[in-house]
Amino acid sequence: NKVCRDQIKSFEPTHILFITDWEWWFDRFTDVFPMVEKVGDSLMDNVVGKGVYDNAKVIVTIRPDRTRPNRPDEKKFVDDVVRYFK
C-alpha cells in the first residue's frame, strides 16, 4: 500500500473515487484510508463508503454494471456520487 500512498501524494487529488465494492475495497485499502467508513449496503446502495484522506474526499461505490435486486439507472448512480462529493 506504499504505492497507493505515493501515488496519492504525487497527484494531490481533491476527490478519490473507488468503483468496486465495500468488501473488496475494505480488504485491500482500509489501512491506507482509516477515515473512510461504510455508509451503504452493496445490495441496495450505489455509494457504500465515504470519508477523507488528507484534503481529498473519498467515496467507495459498487460497480454500476453489477447485477443486484434494484439496480438503478446510470443517471441515479452519477447523481449519488456527485451528491456525496459535495
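## Aromatic residues

Phe18 and Trp25 are both buried, where buried means under 20% relative accessible area, exposed over 50% and partly exposed in between (1.4 Å probe, protein chains only). The model is a predicted one, in which local features need pLDDT of at least 70 and side-chain atom pairs count only at pLDDT 80 or more, while totals for chains, interfaces and linings use all residues. Residues are numbered from 1 along each chain as its sequence is written, and side-chain values use heavy atoms, with hydrogens and water left out.

Ten aromatic pairs are found in a search of the whole structure. Rings of Phe, Tyr and Trp (its six-membered ring) pair if their centres lie within 6.5 Å; planes under 30 degrees apart count as stacked, over 60 as edge-to-face and the rest as tilted. The ring centres of Phe18 and Trp25 are 5.9 Å apart and the planes stand at 70°, so this pair is edge-to-face. Trp24 and Phe29 make a tilted pair, with 6.2 Å from centre to centre and 55° between the planes. Trp24 is partly exposed at 40% relative accessibility, whereas Phe29 is buried at 15%. A cluster linked by ring pairs contains Phe18, Trp22, Trp24, Trp25, Phe26, Phe29, Phe33 and Tyr53.

## The sheet

Four strands form an open sheet in the order β1-β4-β3-β2, with mixed pairing. Its edge strands, β1 (15-20) and β2, each pair on one side only. Strands here are DSSP E runs of at least two residues, and helices are H or I runs of at least four, numbered from the N terminus; two strands pair if DSSP finds at least two bridges between them.

β1 and β4 pair in the parallel sense over six bridges, and Phe18 stands opposite Val60 in β4. β3 and β4 (residues 56-62) pair in the antiparallel sense, also over six bridges. Within that pairing Lys50 stands opposite Ile59, and Tyr53 has Ala56 as its bridge partner. The two strands form a hairpin with two residues between them, and Asp54 in the turn has a positive phi of about 50°. β2 and β3 are antiparallel over two bridges, with Gly49 in β3 the bridge partner of Lys38.

## Burial in the strands

Helix α2 (residues 22-29) lies across β1, β2, β3 and β4 and runs at about 120° to β1. Helix α3 (residues 74-85) lies across β1, β3 and β4, at about 155° to β4. Axes are lines fitted to C-alpha atoms, for helices over the stretch in contact, and angles run from 0 to 180 degrees between N-to-C directions; contact means heavy atoms within 4.5 Å.

The buried residues of α2 are Trp22, Trp25 and Phe29. Seen down the helix axis, they fall within an arc of 70° (taken from the directions from the axis to the C-beta atoms), so they line one face of α2. Their cover includes α1 (2-11), β1, β2, β3 and β4.

## Ser42

Ser42 lies in the loop between β2 (37-38) and β3 (47-53). With a relative accessible area of 6%, Ser42 is buried. Its side chain makes a polar contact with the side chain of Asp21 at 2.4 Å. A polar contact is a pair of N or O atoms within 3.5 Å; within protein, one must be able to donate a hydrogen and the other to accept it, and residues adjacent in sequence count only if both atoms are side-chain atoms.
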